[in-house]
Every structure is written in structure tokens, then in C-alpha cells.
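This briefing covers sheets, helix packing, the chain contact and backbone geometry. Please read it alongside the structure shown below.

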There are 2 protein chains.
Amino acid sequence: MADSIDFYFEFSSPYGYFASCKIEDLAAKHGRAVDWRPMLLGAAMKITGAKPLVDLDELRQPYFERDFQRCAGYYGLPFTLPESMPMNGVAAVRAYYWLKERDADLAKRFAQAVYARFFGAGRDVSAPEAVADVAAGLGEDREAVLAALQDQAVKDAARAATDAAIAAGVFGSPFVIVDGERFWGADRLDQVDRWLETGGW
Amino acid sequence: MADSIDFYFEFSSPYGYFASCKIEDLAAKHGRAVDWRPMLLGAAMKITGAKPLVDLDELRQPYFERDFQRCAGYYGLPFTLPESMPMNGVAAVRAYYWLKERDADLAKRFAQAVYARFFGAGRDVSAPEAVADVAAGLGEDREAVLAALQDQAVKDAARAATDAAIAAGVFGSPFVIVDGERFWGADRLDQVDRWLETGGW
């Protein structure tokens, strides 16, 4: 089987959410697995100067709020713009990599559940307690999750994941890397599809 | 016939160039005409704080230069990254609206010729003389073009076009407005296509 493709995303990113709902089917169509790699965009934004899409100027702000809704409809996905945008993804990223250490598939389902709760239902998932609730919904022990979120090794692993993403050139969400080729944006999935089909052009 | 769709773009924008090669066929498929509206993004950038795509940080700069080439291949279009990026579009925008006053179709062919020269062949079109050369290639008198570029009424018309674009919410290139619905980016043409088909969702 060919190498897995890398799927980088930030939990607070609507376009990351849209891509998360599409990437598995897209990869499977070409016989590829997907390595989900949530990260914190804040670190990249210190380099690029970019700002969260809900904290913009009077020209872009209304556009993006409309575009989120329109893209959700275009992709056929449930979407609620959370009042708590941008969410703080630190706890969710930590829980993800803690789970992934044990079970990558479980971690993936956790990430999907975080997105479903945040952008599907519009409910905040910033707090450790909310993250523990999501994990509990997948059968994890709430107290064990809350303890893990305070574990220095878990914190370090989450930070290392963001550092590795930036080292790989990731500066936005979603970011898909296929055999070294980098694609930014849910609106590049069509190109990812063709790249997987043809090996490039 | 339904209202024409508005196609806003900046001559220095690769994604505007890609869209310019696609928008007429897309609109015609749905029985629509296209009103081409070149503008100067600099005025919008004063509001958004955005910078030219060739004047970015070490994370985004290499990505965009690669993405320009990859998108050109994806769309099947000739592309040369001009050494003179970003170009100064002032003279081209002035010439466009001066020509449009007399003949909208001629102005459109002029805009296409500017893009073909800049992004197709990689040759700068910032200077009034280069703009006059492009117009001359369409049968215009070079001296008349050069004189028009200095005409205060022509300058005012070009400035008014940029002001009108910003008033319509345009902050990037390309921007397509269909019956009041705004779409930013060459990567939104798929959604424009469906919107024209369905009237929205």
C-alpha cells in the first residue's frame, strides 16, 4: 500500500471541519490511509501574521461568515457557526495525541466527534471538561482524560505536533500533504483527488 | 436574459488570470453575460492588511509560488511567473475603462491580452508604454492610448471603479458576484457554477 497522506488541521477551522468529512473517502478511493494531525494554528500565525477568520476587518468578516454556511451547503454537511469561535484547541489537541499513542483509529473518531460537536452542533469544546465529555462518549474514562491533559509528556507531545506541522510548511487549515506535495484548503481537495490519481502534473 | 454576472479582478493576480480564462464559458453555459471589472487591490489591502502574494513570509511564499504553477497545470493554462510581480495595474485599469466606454467587448479582449502577456508570457505590463503596446495589438492607436492614460477623466473613472468594487465588498481577486451573492477565488468557480444552475442553496 502506498504511503498514507497527511491531514493537518486546526479544531477551530471550519474549512478543516469540511475537509475532515471528505478526506477519508477521498483517500480510500485511491487506496490510501490518512494520518490525522491536528495542530494549533496560533503558532503559525505568529509567523504569517494571519488572524482567526472570525476576528477580521469589515470587508472579510461578513464574507467568511457567509462562505462557511455556503460551503457547508455545497458540501452537504451540517454546520452551526459556534458562538465561541475561535475555540481554544489546546485541550482537544492534547487529548488527540494521547489517544493516538494507544489507538490511532480511536483518536480519529475522537477528532471527528470534536468537530461534530463544535461545528455540527455549535457547542464549545475548548474546556478540558468538554474534551473529556467527547472522549467519554467514545468509552474513555473522564477522569483519566482530565489527568492526561495535565501530564507534561502529553503537553510536550501536542506541542511537538504543532512544531512538526510548521516544519512541514503548514500555515493554514486544512493542509493535506501527498507524497511531499502540499495542498492548502478544503477547496484544494479536487486537486488532491487528481494528484492521487495521476501522481502529479 | 438574466442579469450579467460581475467579474472583479486585479491584473497582478494569478488567480484572477485563471478565472479570466474560465468565466466566459462558465457564464455562457447558463445564458449569462459577464461584466469584467478590473480594480486595484491595493486600496482593499489598506483595509484588510493583506499583502501581495509574492511579498509574504517564509511559510506562505514558497507555497503560493508552487500553487500558482500547480493551479495553472490543473486548469490547463499557460503560466509564467513574471519576474516583475506584483505588477502595477494602474495603467492597465485606466486603459480598460477608457476602452470600455467605447466598446465593452474590445475592453474585454484588451484585459485578456494583458493577462496573456503578463501571466502567459511573463512580460511586465506595468508601464504605460507596455499597455499601449497591448492596445495597439488590438488595433488601437498607441499615441491615443498614451494620451488617455494621462486624462484626468480616465484616471477618475479608474479610481471610481476600484471604489465601487470595495463598496460591493470586494477584497481579493478574483471576485464573482452573481445576483448579489459574492464568491472569492478561482477555487469558488465550482460553487458559482452550481449557484447559476440552481439559484442558490
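At what angle do the axes of helix H5 (residues 90–102) of chain A and helix H8 (residues 142–149) of chain A cross? The axes cross at roughly 110° and come within 9 Å. The model is predicted, and the points below are grouped by topic.

**Helix packing**

- Angles of 65 to 115 degrees count as roughly perpendicular, and H5(A) and H8(A) are therefore roughly perpendicular to each other.
- On the H5(A) side, Ala91(A), Arg94(A), Ala95(A) and Trp98(A) take part in the contact; they meet Val145(A), Ala148(A) and Leu149(A) in H8(A).
- The residues of this contact of H5(A) with H8(A) comprise six nonpolar and one charged, with no polar.
- In chain B, helix H7 (residues 128–136) has Val131(B), Ala132(B), Val134(B) and Ala135(B) as its buried residues.
- These buried residues line one face of H7(B), because they fall within an arc of 160° when seen down the helix axis.
- The cover over the buried residues of H7(B) includes helix H5 (90–102), helix H6 (104–120) and helix H8 (142–149) of chain B.

**Sheet of chain A**

- Chain A has an open sheet of four strands in the order S2-S1-S3-S4, with mixed pairing.
- Strand S2 (34–38) and S4 of chain A are the edge strands, and each pairs on one side only.
- From one strand to the next, the twist averages 20°.
- Strand S1 (residues 5–9) of chain A and S2(A) run parallel and are joined by five bridges; Ile5(A) has Val34(A) in S2(A) as its bridge partner.
- H10(A) packs on this sheet, where it touches S3 and S4 of chain A. The direction of H10(A) makes about 10° with that of S3(A).
- S3(A) and S4(A) run antiparallel, with four bridges between them. One of the pairs is Phe175(A) with its bridge partner Trp184(A) in S4(A).
- S3(A) and S4(A) form a hairpin with two residues between them.

**Sheet of chain B**

- In chain B, the order S2-S1-S3-S4 describes an open sheet of four strands with mixed pairing.
- Strand S2 (34–38) and S4 of chain B each have a single partner strand, so one side of each is left without a neighbour in the sheet.
- The twist in this sheet averages 20° from one strand to the next.
- Three bridges link strand S1 (residues 5–9) of chain B with S3(B), and the two strands run antiparallel. Asp6(B) is opposite Ile177(B) in S3(B).

**Contact between the chains**

- Chain A brings 19 residues to the contact, and chain B brings 19 residues.
- On the side of chain A that touches chain B, helix H3 (41–48), helix H4 (60–75), strand S4 (181–184) and helix H10 (189–198) each supply at least two residues.
- H4(A) gives the most to that side, with five residues.
- By residue class, the side of chain A that touches chain B has eight nonpolar, five polar and six charged.

**Backbone geometry**

- Most residues other than glycine have a negative phi, and most peptide bonds are trans.
- Which form does the peptide bond from Met85(A) to Pro86(A) take, cis or trans? The bond is cis, with omega near -15°, and Pro86(A) lies in the loop between H4 and H5 of chain A.
- Ser173(A) and Pro174(A) are joined by a cis peptide bond with omega about -5°. Pro174(A) is in the loop between helix H9 (152–167) and strand S3 (175–178) of chain A.
- Asp179(A) has a positive phi, near 50°, and is a residue other than glycine. In the hairpin of S3(A) and S4(A), Asp179(A) is in the turn.
- Is Asp179(A) buried or partly exposed? Asp179(A) counts as partly exposed because 13 C-beta neighbours lie inside 10 Å, and a residue needs 20 or more to be buried.
- Asp179(B), in the loop between strand S3 (175–178) and strand S4 (181–184) of chain B, has a positive phi near 50°.
- Asp179(B) has 13 C-beta neighbours inside 10 Å and therefore counts as partly exposed.

Note on methods
Residues numbered from 1 in each chain as written. Chains lettered and ligands numbered in written order. Predicted model: local features only at pLDDT ≥ 70, side-chain atom pairs only at ≥ 80, totals over all residues. Axes fitted to C-alpha atoms, helices over the stretch in contact; angles between N-to-C directions. Parallel < 35°, antiparallel > 145°, perpendicular 65-115°, else oblique. Contact = placed C-beta atoms within 7 Å. Nonpolar A, V, L, I, M, F, W, Y, C, P; charged D, E, K, R; others polar. Buried ≥ 20, exposed ≤ 12 C-beta atoms within 10 Å, placed from the backbone. Arc of directions from axis to C-beta. Pairing = 2+ DSSP bridges.
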